[in-house]
2 protein chains.
Amino acid sequence: MPPRIYLAGPEVFLPDPLAMGARKAALCRKYGFEGVFPLDASLDLTGLSKLEQASRISSANEGLMRGCNAVIANLTPFRGVSMDSGTAFEVGFMRALGRPVFGYTNVTAGYHERADLYRRATPGLPDADGPDIDIENFDCAENLMIEAAILAGGGQVVRTAVSRGQEMRDLAGFEACLVQARAAFHPGPQ
Amino acid sequence: MPPRIYLAGPEVFLPDPLAMGARKAALCRKYGFEGVFPLDASLDLTGLSKLEQASRISSANEGLMRGCNAVIANLTPFRGVSMDSGTAFEVGFMRALGRPVFGYTNVTAGYHERADLYRRATPGLPDADGPDIDIENFDCAENLMIEAAILAGGGQVVRTAVSRGQEMRDLAGFEACLVQARAAFHPGPQ
């Protein structure tokens, strides 16, 4: 049985998420892993309220994560300075379980540079985004809890410059994470 | 020994974070808990590179979380549509450990409304924030993984309308989370 990798990221919100899941799973196989995409669980949500649907999906995803040996997370900024919050949750979840975390972003600018740009581009922001709030500066691509979790598991955040419009679709950084995962799970000459 | 609550949120970036930690800790005592603020660990970071500092801080925070019985997270949007990514990481971390998660936000608009507003206010966004990316719509304040984790632990996200400029400082929602935590940890008449 190949090690299983949970495929965390906002790709679930793409117009054709299953196609992206299939692309990632195919790359996983190439490197000796089984990819597990959040939408792999087929759920019957009929008759449920929206909150009940949310709980059902969450429960399924948490179950998928517990069944995986590692996670590769897409850290690309999503609707603001930072990565998707659901993906950040999943990185923390897997880290707490002691599973290695790998991550990539398709924006090369670091967290400090992005937050500073956001602040200067959008004056008059509410308090939480206001000018007296410190911007952490640790040479990280993301909040230090994310990046340090990746480092602690033997990974390194992969930053890739991609063509405009391909931020959600370019998988070169994802594949670089698979190289890291292979070195962790299948050490020795490749 | 009172149950210990990890105080997750971007308040660590305030100009005087320790004052906020002290305010939160005082409220925790009022409800029969010990509050644990991320900056409670006193760390010597001299001589370390930025990435080494990040790893040292992360390791300390992870240790503090493992020593806590629950978490109360500030979900207020931070530098974009969503909450602070480090806080999202910590919510996932505590959820994976099976500790109850409580959460509050000082912005009442739900996730879908905020993301839709962001998209309409800022046309020409890069791919990850572009118009063909689905906006989840589950009546949640945040990504469903966050909100469902709170529901699963018996909590409910508290949304509070606060005065402009007080998004990072108003603690009414935090105190409402303490009421929820007291009901979970100290059931019976108060």
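**Charged pairs and the fold**

Modeller: The structure, which is a predicted model, holds 16 salt bridges over all chains.

Colleague: What general idea lies behind such pairs?

Modeller: Side chains of opposite charge can pair when their charged atoms come close. Here, Glu62(A) forms a salt bridge with Arg95(B), and the closest N and O atoms are 2.9 Å apart. This pair crosses between chains: Glu62(A) belongs to helix 2 of chain A (residues 50-66), and Arg95(B) to helix 3 of chain B (residues 85-96).

Colleague: Is Glu62(A) buried or exposed?

Modeller: The cut-off for buried is under 20% relative accessible area. Glu62(A) has a relative accessibility of 7%, and therefore it counts as buried.

Colleague: Which residue meets Arg114(A) in a salt bridge?

Modeller: The partner of Arg114(A) is Glu142(A), at 3.7 Å from N to O. Arg114(A) sits in helix 4 of chain A (residues 111-121), whereas Glu142(A) is in the loop between helix 4 and helix 5 (144-152), so the pair ties together parts that are 28 residues apart in sequence. Both Arg114(A) and Glu142(A) are buried.

Colleague: Where in chain B do Glu34(B) and Arg4(B) lie?

Modeller: Let us take the pair itself before its place. Glu34(B) and Arg4(B) form a salt bridge whose closest N and O atoms are 3.1 Å apart. It links distant parts of the chain, for Glu34(B) is in strand 2 of chain B (residues 34-36) and Arg4(B) is in strand 1 of chain B (residues 4-8), 30 residues apart. With a relative accessibility of 29%, Glu34(B) counts as partly exposed. Arg4(B), at 23%, counts as partly exposed.

Colleague: How many positive and negative side chains does chain A have?

Modeller: Chain A has 18 positive and 22 negative side chains, and 6 Å separates the centres of the two sets.

Colleague: What share of the residues of chain A counts as buried?

Modeller: Of its 190 residues, 56% count as buried. As for contacts in chain A with a separation of 6 or more, 74% are accounted for by residues 24 or more positions apart. Chain A exposes about 7500 Å², of which carbon and sulfur atoms supply 53%.

Colleague: Which elements do the buried residues of helix 5 of chain A pack against?

Modeller: Helix 5 of chain A is mostly covered, with 7 of its 9 residues buried. Among them are Leu144(A), Met145(A) and Ile150(A). The buried residues of this helix pack against helix 3 (85-96) and strand 4 (101-105) of chain A, together with helix 2 (50-66) and helix 3 of chain B.

Colleague: What does Gly9(B) touch?

Modeller: Gly9(B) is in the loop between strand 1 and helix 1 (17-30) of chain B. With residues up to four places away in sequence not counted, Gly9(B) touches Asn74(B), Asp84(B) and Thr87(B). Gly9(B) is buried, at a relative accessible area of 9%.

Definitions and conventions:
Residues are numbered from 1 along each chain as its sequence is written. Chains are lettered from A and ligands numbered from 1 in the order in which they are written. This is a predicted model: local features need pLDDT of at least 70, side-chain atom pairs count only at pLDDT 80 or more; totals for chains, interfaces and linings use all residues. Side-chain values use heavy atoms; hydrogens and water are left out. Buried means under 20% relative accessible area, exposed over 50%, partly exposed in between (1.4 Å probe, protein chains only). Contact means heavy atoms within 4.5 Å. Accessible areas come from the Shrake-Rupley method with a 1.4 Å probe; for residues, only the protein chains shown count as cover. Lys and Arg count as positive and Asp and Glu as negative; His and the chain ends are not counted. The place of a charge is taken as NZ of Lys, CZ of Arg, CG of Asp or CD of Glu. A salt bridge is a side-chain nitrogen of Lys or Arg within 4 Å of a carboxyl oxygen of Asp or Glu. Helices (H or I, at least four residues) and strands (E, at least two) are DSSP runs, numbered from the N terminus.
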